[in-house]
Amino acid sequence: MMAALFFILAFATLAALVWSGIELFTVKEAPLDDRLEELQAHALVSTERGPRRRGGGGFVNRILYFISLLPGGEDWIHDTDRELAQAGIRRKEATVLFATFQTLFFLAMLGGMLYLQRGNPVTSKFGGLVAAFLLGWLLPRQVLYRLVKRYRNKLQEALPDTVDLLGIVLGTGLALDQAMMRVSEEMEYIYPELAGEFATVVMQVKAGQERGKAFQQLVRRTGIEDIKSLSAMIVQSERFGTSLSQALKVYADALRTRRRLRAEAAVGKAGIKMLFPIVFFILPVLFIITLVPGVLSVLRDLRMGLGPR
């Protein structure tokens, strides 16, 4: 009876984990009004804490309010909002879904460890529970860190070509907003991440926000130094009336040089990274294949030579 109850709970937990993961990473199409509301709610990933949350305002806000009541809950919500935004996940319910996913995964790890060690002594159970506690709490955060890193790498790789195309489009006489939207449409299927960021900036400006503020929010969302330099260049060019297309061409060349240097550095590190797999996995197998037949042959000859005459 207890085993059947455990398997039912395990199945329900797994189903909830799969559902929350699908809801968290599924991109849903929304009309313009919902998009503008999302931009107002999640575009600004500030480094400062906002006012204390209040209950009400829908199911999502109530869940976040209850989380904020826990010790350190407000800081956790703030950090999770920032990391989810930097990973390209900016839906209103993303934080609640991630909290649900992390909690269910944490409980699943603890429950699975308790079930596997149901016949072990208390000291062994304690060590297993500590390991399950650490893994259940840290693994979802590590997955989120990897998503942030992957999203930043995609933006970094897309930046030189996109900046070069933006400079070409500006050279045709289009205004900055029209040029950014045109570049976003052209790069939508090649570099969808950076195209989405450009489209977000244009939509914020069309919604009545200052262009400098929109670019500041772009820098906070992405956290990339090259995008910060690009935003500063665009804002200063608009402020002082200088030519932006020529400056973007020069900046695109500099970005290509940086990308080539990063690729050369990655190639240089590849040899060192391959050293450890070679030493721990390939060389022992090579030694076994080459030495063991000879050792067996020598032992067989010794056995035959020391045998009865």
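This is a predicted model: local features need pLDDT of at least 70, side-chain atom pairs count only at pLDDT 80 or more; totals for chains, interfaces and linings use all residues.

User: How many residues apart are Arg182 and Glu186 in helix α7?

Analyst: They're four residues apart in helix α7 (residues 176-186), so about one helical turn separates them. Arg182 is partly exposed at 42% relative accessibility, and Glu186 is partly exposed too, with a relative accessible area of 40%.

User: How many salt bridges does the count come to?

Analyst: The count comes to 10. Another one joins Asp79 to Arg82, with the closest N and O atoms 3.2 Å apart. Both sit in helix α4 (residues 73-86), three residues apart, which is about one turn of the helix.

User: Is Asp79 buried or partly exposed?

Analyst: Asp79 is partly exposed, because its relative accessible area of 29% falls between the 20% and 50% cut-offs. Arg82 is partly exposed as well, at 24%.

User: What about Asp164 and Arg256?

Analyst: Their side chains meet in a salt bridge, at 2.4 Å from N to O. This pair links distant parts of the chain: Asp164 is in helix α6 and Arg256 in helix α11, 92 residues apart. Asp253 joins Asp164 and Arg256 in a network of salt bridges.

User: Switching to the surface: which residues gather in a patch of positive charge?

Analyst: That would be Arg146, Lys149, Lys269 and Lys273. Helices α6 (122-171) and α11 each give two or more residues to the positive patch. Lys149 is found in α6, and it's partly exposed, with a relative accessible area of 48%.

User: And which residues form a nonpolar patch?

Analyst: Ile272, Met274, Leu275, Phe276, Ile278, Val279, Phe280, Phe281 and Ile282 form one on the surface, with about 940 Å² of accessible area together. Leu275 is in helix α11 (residues 244-305) and is partly exposed, at 46% relative accessible area.

User: Ok, zooming out. What does the secondary structure come to?

Analyst: It comes to 11 helices and zero strands. Buried residues make up 32% of the 309 residues. The protein exposes about 19,500 Å², and carbon and sulfur atoms supply 66% of that.

User: Last one: where is Arg62?

Analyst: Arg62 lies in helix α3 (residues 59-69), and it counts as partly exposed at 40% relative accessibility. Its C-alpha atom is 9.9 Å from that of Val96, which sits 34 residues away along the chain.

Methods:
Residues are numbered from 1 along each chain as its sequence is written. Side-chain values use heavy atoms; hydrogens and water are left out. Patches are made of residues with over 30% relative accessible area and no salt bridge: like charges are joined within 9 Å, nonpolar side chains (Val, Leu, Ile, Met, Phe, Trp, Tyr) within 5 Å. Accessible areas come from the Shrake-Rupley method with a 1.4 Å probe; for residues, only the protein chains shown count as cover. A salt bridge is a side-chain nitrogen of Lys or Arg within 4 Å of a carboxyl oxygen of Asp or Glu. Buried means under 20% relative accessible area, exposed over 50%, partly exposed in between (1.4 Å probe, protein chains only). Lys and Arg count as positive and Asp and Glu as negative; His and the chain ends are not counted. The place of a charge is taken as NZ of Lys, CZ of Arg, CG of Asp or CD of Glu.
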